[in-house]
Structure formats: structure tokens, C-alpha cells
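Please read them with the structure open.

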Amino acid sequence: MSLFSTNHIFVIAEMANAHEGDLEKAKKITLAAARAGANAIKYQKFTANELAEPNHELYSLYKKLEMSKKEWSILIKFAKKCGLKVFVDIFGIKSAKSCLNLGVDGFKIHSADLMNPTLLRFLSKQKNPILLSTAGCFLNEIDEAVKILQFIPKEIILMHGFQGYPTKLSDLNLNKIKKLKEKYSFKIGIMDHVSGSSELSSIIPMVGIGMGATIVEKHLTLNRDEKGLDYFSSLNPDEFKKMILHIRKVEKTFGKEEFILSKNELIYRLTHKKNPIAKKFLKKGTKLDENLFNFKRTKTKDSVSLYDFLGKITSKNISKGSTLSKHMIDKKSHKIAAVIACRIHSTRLFAKQMQLVGDRPIIDHMINQLKTSKMITDIVLAISSRPGNEVFVDYALKNGIKFIIGDDTDVLKRLINGAKYVNADIIFRITPENPYIYWEGIDEILQKHVSGNYDFSTCFNVPLGTGYEVVNLSSFEKSHKEGSKKHRSELCSLYIKENINKFKIFHISPPKEFQRSEIRLTVDTPEDLYVARSIYDSLGKKHKLISLKTIIKFLDNNPELAKINSGVPLDVSRIWIDDDPLKK
């Protein structure tokens, strides 16, 4: 179970060597940390021989700071009784082994040991969470340390900051927190080490939190005025408590990661938004668009927003000057959006969706074919948040295409959020690596899906890569709620396929001339890309759409071209294909 949460800041009180080798003083600092509201206390456990050679100028001090095994046992048990988690800075295998026997909750690796492979390999075999200091380290050094530590899965926190006794504000470089978040999938912590007497000492952690840090480590001492060991960047107990109180208030501002309006924000929306007012008399059965309305604030508060009514049908006559409300819209009206899950990474052909066929990327060909539909009102790219997928964001912005960004592995959630983004209740699903789809049959399957009140509809037997699915938003929501991790992956309709008795399903058979499932028109390998480009080089003219019938005829006349990718193994299909149980 994770110790750390993205919505709760984990505060660690760093005692360092403020105890000066005195167990009772260490216990007082520990108690002060607990009373201030810290989540954990962090100690530094070492022997002088682990830290330095006997001729080192600080060797005698290190020796003085050592505490016995019995004292450490007493202190750690005391911290646990105070309700604190215990982390320990360790500087050698001997200290690490003794800490394991003492039952600590986690370790911190000082940046001095980031390139100590012996210690890293020992800790890699433990399951305890690791705080990994990145102070004064290059990225390649962090990469190598992380690689070693992940031998056994564990929580790794990258800690940003260094001790400058105290650290100057100009040396904080908090933007590094964002860079660490971009490069690594780990949570990030901040240990700022600015002067404890500075008014910014308790503010800097808030700035770090704003940059993305979810762990705060801060030095604590009993009385900074005494200028004991490690006093430079330490807070006194009352200051530490005040800092935590501010952090807990800041946490309340986080809200949820999903873009959901709070109760008070919904009240604000109803009070301030402008509502659609009919410019003229609208007959029952009118298809609604923005040109039929003016937009003003009204006394009526139950109106519908632009995206709620676009493309829908009126259920009654609407007089000029009337505010459009929900009861004026046919409940059987549907809004259909093509939602396309986009992810750049592939083990077979990198960035396949953005590969050029002719002078345009594959995804561009597919979107132009989707635009032939009279029933699809919106096209939305559901883009992975994983670094590297910015290329899809750039494409969407350049071409005026709507998009959302979401979890890389929860593809189903991205599709759901894409539909919700435009208030669609039906999703037209197709994968973006297909330059040639059966665009001629899109509206036919949509019409039959709607008129038959189906939950899920699909088109079989067409060439691989030309088919698609039509899914009610509620069906995908049900799949996400009741399914497991595999059902939320790129196999988005797998739950429906495995639970056909829970859904009303329709399968449409295209005309016989299109029933050529042996033909491969998807682009998943270099061979597929060669075939797709060859087709376009021969048939593509001035960006005009190529019919599926024309492509099939061309491949029949050029069997050698069709053979190039005919032997590519199917792997796992993300769109239902021939082995569908409904057909048997």
C-alpha cells in the first residue's frame, strides 16, 4: 500500500544531527514533530567509519554523533508511539541492515551515495520506499540509480534541493521539479534548505507544491537561536506547526484531477452564463444549430448549453424569443462524436499515426473520411498524457481539432472523457493508424444503431483497418465500472465482448463486395506502411477521398502488392473482427 498520495502532502520532519548524539534531545525533537502534525520523522543513522576516513577533518564529530543500537531502537519505537512514520538516511550497508531489523518505514539515500552501487544494489533488494536525493546530481546518474533500485518494485521518491548552509534563494531552481516530473513517473519531493529565519522558509514548500511536489521535507530543531548542529535551515516547533497548517489549507484547494464543477461553481454558472434565445419561430422537428439563437442572460435557469443542443431535434414548436430548455428537445435525439484514442508509442512501428501517406499523416486521411458523415457532430482526439504525445496536441491545435489529455494506460477512460467533453452520448470509435476506412458505411451503421436503440454496433468482414464500432457512452461507462484493468486498456470493447448478455448488440454486414477480411489496410508495421503508400501513390488525386471499392479492385489487380503484408501476424485486434461470438 502506498505511503504517499497525490492529494495529500506528506510532510517529513528532518531531524538530521540536531540531537547532537543525545537520545533525550532526539526524543524531544521527535515529539515536537508529532505535535506539529508531521507525517514522518527522518533520522540520519551512520557510523563515523561509514562516512569518512579517520584523518577526515569531521571524523571526530561524526564519532560523537553516533548513537548505540539500543538508543536507536528506543528512539524508533518512541517515534512510532507518537504516530510517526520513520525514515532513515543511511550511509552504508551496516546501517541499512540494522535499520531493517529496527522496522523503519523507509530509507533515504543521500546524494553522496547516488553513485555507490554497493549500497544501491543492497537497497534494490528491499521493498521499503526510497527517498532519493537528486542534489548535485546529473540526469544520467539519477537514471542509473533508479535503474538499479527498481530490481524489486518499490515506491521511489525523487527529492529536489540541496543543503547550502543555508541554501540561497537563487540556488533553489524549483523549475527542476517540473523537469523531474516530466522525465520520471515517480512522485517528487522538495527539501529547500533556505534559512530557517527567513520569512520565505515556510512559503517555499508551498511554491514547490505548486510545481508538483507531493512530499515536503523540512529541518526541525528545538531552538534555532542556540545555533546547534543543522540549525541553518531548521524551523522551530511553532514555525513547523504553522507551516503544516498552511499546507493542510493548501490541500483543500486541490480538488479533483477530473474537470468537474463544484456545487458553488455550478451556482455561479447558472447565475452568469448566457442562454440560447430563439431568433425566430422554430417548428417541431427542427435540427438545432447555433445560428438559430441569440445568447443572453435570462431569468430561466434550466436552459441548455450550446454543446447540449447542437445537432439535436426540437420536440415541440418554439416561439420567437423563447429560451431553449431541456423539455423542448426530443429525448430520443442523440449526439454522436468520433473519439480517437491517440498514443505515439508502439513496439512495431513508432509514431505510426503520424507517418506520411502522400504528403499528409495517416491520422489526417482518416479524419477527412470521418468528416463525410452527416451524423457525427464532433471529432475528439483522446491523447495520452505520457511524454512524447505532444505531437498529437500540436496536430490538434494546428488543425482546429478538439482534444482531451488523459491517463496513458486507461484508454477507456480517455474515450469516455472525450465524449463527455462535447456532451456526446454515442461514441463512434476507430483507431488512428488507419488511412483507409469504410467511410461510405458510417452513416448507415449510425442510423441503424440509433433506430434500433442498440448499446453496441460494429461492422464485420471488411478489410482489417477499415472497420469501426459505435458504442453508447453509458455502455463504456458500465464497462469501465465493472471491468478490470485489461478492459480499460486499448482493448476497450473487450468487456462488452465478454458480457454480451448485458448489452443490446448489433452487427452490420456490408455489401458482399466489401466483405474482404483477408485484406490488410491498417498500418502497424513497415510492410503495412509500404502498402498504404503504394495505394495512395496510384490512386490518390488532389486529396480526393478514395473509395474502399476502388482500393479493393486495385489490390485485386495487383496481387503482389497485397501479398507484401498478408503474412503479418494479427496479434490482438482492438476492434472486433472475424472471431466474434455473435457470428457463430
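1. Angles under 35 degrees count as roughly parallel, over 145 as roughly antiparallel, 65 to 115 as roughly perpendicular, and the rest as oblique. The model is predicted, so local features need pLDDT of at least 70 and side-chain atom pairs count only at pLDDT 80 or more, while totals for chains, interfaces and linings use all residues. Residues are numbered from 1 along each chain as its sequence is written, and side-chain values use heavy atoms, with hydrogens and water left out.

2. Helix H5 (residues 93-102) packs with helix H6 (residues 117-124) at an angle of about 20 degrees, and their axes are 10 Å apart. H5 and H6 are therefore roughly parallel to each other. Axes are lines fitted to C-alpha atoms, for helices over the stretch in contact, and angles run from 0 to 180 degrees between N-to-C directions. Helices (H or I, at least four residues) and strands (E, at least two) are DSSP runs, numbered from the N terminus.

3. The crossing of H5 and H6 is right-handed; a crossing is right-handed if the near helix is turned clockwise from the far one by less than a right angle, and left-handed if anticlockwise. On the H5 side the residues are Ile93, Ala96, Lys97 and Leu100, and they meet Thr118, Leu119, Phe122 and Leu123 in H6. Contact here means heavy atoms within 4.5 Å. By class, the contact of H5 with H6 has six nonpolar, one polar and one charged residues. Ala, Val, Leu, Ile, Met, Phe, Trp, Tyr, Cys and Pro count as nonpolar, Asp, Glu, Lys and Arg as charged, and the others, Gly among them, as polar.

4. H1 and helix H10 (residues 237-251) pack at an angle of about 30 degrees, with axes 9 Å apart. That makes H1 roughly parallel to H10. The contact involves Ala32, Arg35 and Ala36 of H1, together with Pro237, Phe240, Lys241 and Ile244 of H10. By class, this contact of H1 with H10 has five nonpolar, no polar and two charged residues. H1 passes H10 in a right-handed crossing.

5. Which residues have the most contacts inside the largest nonpolar core? They are Ile41, Tyr43, Leu123, Leu132, Leu158 and Phe240, in a core of 64 residues. Helix H1 (residues 23-36) gives the most to this core, with six residues. A nonpolar core is a set of buried Ala, Val, Leu, Ile, Met, Phe, Trp, Tyr and Cys residues joined through side-chain atoms within 4.5 Å. Buried means under 20% relative accessible area, exposed over 50%, and partly exposed in between (1.4 Å probe, protein chains only).

6. Leaving aside neighbours within four places in sequence, Leu132 is in contact with residues including Ile109, Leu114, Ala145 and Leu158. A second, separate core of 55 residues includes Ile376, Tyr454, Val470 and Val523.

7. Most residues other than glycine have a negative phi, and most peptide bonds are trans. Glu20, in the loop between strand E1 (10-16) and H1, has a positive phi near 55 degrees. Asn423, in the loop between helix H15 (411-421) and strand E16 (426-429), has a positive phi of about 60 degrees. Glu20 is partly exposed, at 32% relative accessible area, and Asn423 is partly exposed at 30%. The peptide bond from Tyr165 to Pro166 is cis, with omega near -10 degrees.
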